[in-house]
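Please look over the following structure, and then read the notes below alongside it.

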Amino acid sequence: MEQRIIAIVFCFLLLQFSPTHSNTVCIIGSGIGGASVAHFLRQYSAAYHPSPSPIAQINMFERKGVVGGRMATVTIAGETFEAGASILHPKNYHAVNYTKYLDLQLKKPKSSDDSLSLGLWDGHKFVYKTFNSKSKLPIVQRLVSLANSIMMFLRYGFSLFRMSSFVEVAVNNFLRYYEGFNSRPVFESVEEMLKWAGLYDLTTQTLGEELVKAGLSPLLIQELVTVITRINYGQSVNISGFAGAVSLAGSGGGLWSIEGGNWQMAAGLINRSDVLLHLHEEIESVSYLGDVYVLNSTQGKSYNCGVTVVATPLDELNIDFNPRISIPPRKLQHTHATFVRGLLNPAYFGLNSLSDIPDLVGTKESHDVPCSSISILKKHENDMTYKVFSRETMTDALLDNVFSTRKETIKINWAAYPHYHAPEKFAPFILDNQHLYYVNAFENAASTMETSAVAAENIARLILSRLSQGVGLSSLDLKRVGRDPSELHTEL
Ligand SMILES: Cc1cc2nc3c(=O)[nH]c(=O)nc-3n(C[C@H](O)[C@H](O)[C@H](O)COP(=O)(O)OP(=O)(O)OC[C@H]3O[C@@H](n4cnc5c(N)ncnc54)[C@H](O)[C@@H]3O)c2cc1C
Ligand SMILES: *[C@@H]1O[C@H](CO)[C@@H](O)[C@H](O)[C@H]1NC(C)=O
Ligand SMILES: *[C@@H]1O[C@H](CO)[C@@H](O)[C@H](O)[C@H]1NC(C)=O
Ligand SMILES: *[C@@H]1O[C@H](CO)[C@@H](O)[C@H](O)[C@H]1NC(C)=O
Ligand SMILES: *[C@@H]1O[C@H](CO)[C@@H](O)[C@H](O)[C@H]1NC(C)=O
């Protein structure tokens, strides 16, 4: 009896402390996607699997010296701002939960302030400008806000309400991804995942087409909607309807971010998920040797992994996959983010004084416009900090025209998000029918911090459910995955 207990304990310890490669998970990328996969793997294996956990070690590889990926900060003139992903929606429930779980502080970004004025620049003139309430009196602010609403209504009419309901329907459908395991299956493909929530059709037509179908006026589509898609995705209304709906949702009220930087979500999740983090280590090759993946890194090291998760877009990388994998070709949209401490030049805009320039300069689709948007990040006593988004780099000559003074300028060229099309094509979540997973396949639907987290949560469930079925160890039996919710519930 005693011997048996010792043997059981010994086996248990063996399983716990000598991880074989089959229960080692390797994650490439430490952005919100990779960090969320690690988090949900730990959370779900603790909650749904009797020990020992099916996952022993989690290795995470990050080519840079910091975690967070496209969530990063920039420091200009001694102050820190979001350089990449900046805003979260009030219904980004994973981000909301991360914030609570990690004890992070919420922040309302200045750019979501209703009292800020918006101007629409066509390269020659402001097509219109909303009023700016400089008054601190709430009554004045409310009147100004009312005047702006009336102005918008006179210009765009009932189309404004049709636009809101278009966004609301998409946001409500998206909320299905937060349903419990009883009603929400594990998805094997992006298409299946989108179809289940009623969002797939939105990826088959352009935003422009979808909005015409919804009865929006051409003026609203060419102006306000275009301003928003240019700010959020650096692209026109030719992006897919779904990417467009996500983009429009990111222009509403109640937006927020994390005090000190959104990257802390990734840092906190990684810290609390018992992850072996390898910074400054880029994965160059992933080779499947029948029962194990061998990952080779720029440090000249090799790692054996039972499961490999790609949590970064593969489009501009040359990771050498053996055997080769095949994904639909996809171009990334580069967004040049230029941060300037200084002052805009009113003459560039044909204006007399600085105060005539709106707080947020949105732009139309036109060859005459060199940038997608200019926003004020902070008003200082004598100058401002601005953020300029553009599709091409802002040359110094151009900046010298747009700005009258520049104390400091920082330029970042982001491989920002997919260049969206309609109909959209999706890479598989499971790249090789074994245990090579691709979180960022979902980015071709829409790219946000929250959509990365939602895709990552599904990937974590997919890994656990396939491991518990012995997929890859024996024969493949994909038919059982994601079809019968009650069965999955007991498995996870
Ligand atoms: C300018 C800009 C503005 C944005 N604004 C918003 C916004 O307001 N709200 C919002 O929700 N989203 C926004 N986004 C989108 C958002 O940033 C992304 O959707 C999200 O951060 C993607 O996270 P990820 O983890 O999937 O990828 P990433 O954050 O890109 O993480 C991938 C990581 O993998 C690493 N890596 C790559 N290759 C290797 C390798 N071979 N080996 C090791 N490591 C590797 C990279 O260095 C990177 O750290 C914005 C993006 C940009 C660029
Ligand atoms: C957020 O956390 C709460 C409380 O733990 C939980 O009930 C809810 O399901 C979580 N939401 C998501 C999206 O995970
Ligand atoms: C959008 O697509 C249409 C049809 O392909 C094309 O004519 C138009 O130029 C595109 N617009 C932009 C801004 O790319
Ligand atoms: C990591 O998490 C622990 C709590 O689990 C916390 O005390 C510590 O400060 C965190 N470290 C970092 C670098 O966030
Ligand atoms: C990975 O590294 C191992 C050990 O150095 C080597 O044998 C193998 O050929 C490498 N694989 C690839 C694809 O480079």
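1. What percentage of the 492 residues of the chain count as buried? In this predicted model, 42% of the residues do, where buried means that 20 or more other C-beta atoms, placed from the backbone, lie within 10 Å of the residue's own.

2. Residues are numbered from 1 along each chain as its sequence is written, while chains are lettered from A and ligands numbered from 1 in the order in which they are written. As the model is predicted, local features need pLDDT of at least 70 and side-chain atom pairs count only at pLDDT 80 or more, whereas totals for chains, interfaces and linings use all residues.

3. The mean pLDDT (the predictor's confidence in each residue, from 0 to 100) is 90 for the chain, and 90% of its residues reach 70 or more. Over residues 5–19, however, the pLDDT is below 50, and this stretch has 6 contacts beyond near neighbours in sequence, a contact being two residues whose C-beta atoms, placed from the backbone, lie within 7 Å. Residues 473–492 also stay under 50, with 33 contacts beyond four places in sequence. Where pLDDT is low, the predicted coordinates should not be read in detail.

4. Among contacts in the chain with a separation of 6 or more, 73% join residues 24 or more positions apart.

5. Around ligand 2 are Y93, H94, N97 and Y178, each with its C-beta atom, placed from the backbone, within 6 Å of the ligand. Ligand 4, for its part, is surrounded by A267, G268, N271 and R272.

Methods
Buried ≥ 20, exposed ≤ 12 C-beta atoms within 10 Å, placed from the backbone.
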